[in-house]
Amino acid sequence: MKCFIDTADVAEIREALSLGILDGVTTNPTLVAKTDRPFKDVILEICRLVPGPVSVEVVSTNAEGMVREGRELASWAPNIVVKVPLTPEGLKAIRVLSREGIRVNTTLIFQPLQALLAAKAGAAYVSPFVGRLDDVAGYGMRLVADILEIFRHYGYTTEVIVASVRHPMHVLEAARLGAHIVTMPFAVMMQVVKHPLTDVGLARFLEDWQKVPEKPF
Ligand code: G3P
């Protein structure tokens with residue numbers, strides 16, 4: 001399973017890169033706004049830092065505008081993936097951009113048929129939002145399972161990015177289901193990396209190490 005980070009914060013991306021597990025980045029307008037930096041500057045810095053795909057979202061709501069913005073974003077760096085919401089206009093834009101060889105990540109997916117339509121239109125990725133479904137008493141991970149099952153039936157190569165991840169159980173379930181990618185906020189990534197019993201165990205080993213005679217280091 002590939003691990004992406006869901007942030008536009010360059011410090012978080014650098015730290016995640018140093019862990020050696022980072023395969024890509026997903027951003028959205030909310031995450032970029034949090035950085036309080038000029039849009040193009042922050043996106044280009046992320047694209048230089050990370051060799052893998054970097055998803056950047058369009059903000060137009062009509063197909064023509066989405067296609068125009070998507071073409072421009074894709075011209076900024078070879079690893080940019082254009083993020084398009086699954087609306088009727090978004091679907092039209094996905095078809096046009098995909099046919100031009102521009103990779104599209106379809107965002108704001110809340111039911112499996114939206115993912116099927118995105119795959120039919122040629123999207124490289126679909127992003128089911130599991131946390132936001134859980135927030136309204138839906139089953140986020142059931143959505144992921146359904147999409148994976150449908151894609152298997154028809155042999156779609158569109159990759160599933162589990163998004164809107166809130167805690168390590170989302171990551172574990174994504175891996176158990178065989179999702180291609182999970183995109184995690186930095187805080188969740190650190191929760192996955194760290195375990196309290198590992199910290200307690202290490203502290204005990206280090207304490208006992210002090211009792212070892214003639215230590216080489
Ligand atoms: O990047 C899209 C997605 O992961 C947003 O997550 O936490 O705002 O629902 P969240």
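## Overall chain

Of the 217 residues in the protein chain, 47% are buried. The model is a predicted one. The chain holds eleven helices and eight strands, and its C-alpha trace spans about 75 × 40 × 30 Å along the principal axes.

The accessible surface of the chain comes to about 11,400 Å², and carbon and sulfur atoms account for 58% of that area. Among contacts with a separation of 6 or more, 56% are between residues 24 or more positions apart.

In soluble globular proteins, nonpolar side chains tend to be buried together. In this chain the largest nonpolar core has 59 residues, and the members that touch the most others are Ile46 and Val162. Helix 8 supplies the largest share of this core, with seven residues. Another core lies apart from it and has five residues, including Phe4, Val81, Tyr125 and Ile161.

Ile46 is placed in helix 3. Its relative accessibility is 0%, so Ile46 counts as buried. Beyond its neighbours within four places in sequence, Ile46 is in contact with Ala8, Val10, Ile13, Val25, Thr27 and Val54. Ala187 is 141 residues from Ile46 along the chain, and the C-alpha atoms of the two are separated by 18 Å.

Glu45 is also found in helix 3, which runs over residues 39–49. Why does Glu45 count as buried? The cut-off for a buried residue is under 20% relative accessible area, and Glu45 counts as buried because its relative accessibility is 18%. With neighbours within four places in sequence left aside, Glu45 is in contact with Val10, Arg14 and Arg37. The side chains of Glu45 and Arg37 are joined by a polar contact of 2.7 Å.

## Helix 8

Helix 8 covers residues 140–154, 15 residues in total. At 1.5 Å a residue the helix should span 21 Å, and its end C-alpha atoms are 22 Å apart, so the two values agree. Just after helix 8, Gly155 takes a positive phi of about 70°.

The buried residues in helix 8 are Gly140, Met141, Leu143, Val144, Ile147, Leu148, Ile150 and Phe151. Against which elements do the buried residues of helix 8 pack? Three are strands: strand 5 (104–109), strand 6 (125–128) and strand 7 (159–162). The others are helix 6 (112–121), helix 7 (130–135) and helix 9 (168–177).

## Ligand site

The residues surrounding the ligand are Asp6, Asn28, Lys83, Phe129, Arg132, Ala163, Ser164 and Arg166. For Asp6, an N or O atom of the side chain is 2.5 Å from an oxygen atom of the ligand. For Ser164, the separation between a side-chain N or O atom and a ligand oxygen atom is 2.7 Å. A polar side-chain atom of Asn28 is 3.1 Å from an oxygen atom of the ligand. The ligand taken alone exposes 310 Å², and 82% of that is buried by the protein.

Definitions and conventions. Residues numbered from 1 in each chain as written. Predicted model: local features only at pLDDT ≥ 70, side-chain atom pairs only at ≥ 80, totals over all residues. Heavy atoms only, no water. Helix = DSSP H or I, 4+ residues; strand = E, 2+ residues; numbered from the N terminus. Expected span 1.5 Å × (residues − 1). Buried < 20%, exposed > 50% of the residue type's maximum accessible area, 1.4 Å probe, protein only. Contact = heavy atoms within 4.5 Å. Near = heavy atom within 4 Å. Polar contact = N/O pair within 3.5 Å; in protein donor to acceptor, adjacent residues only side chain to side chain. Areas by Shrake-Rupley, 256 points an atom, 1.4 Å probe, with all protein chains shown as cover. Core = buried A, V, L, I, M, F, W, Y, C linked by side-chain atoms within 4.5 Å.
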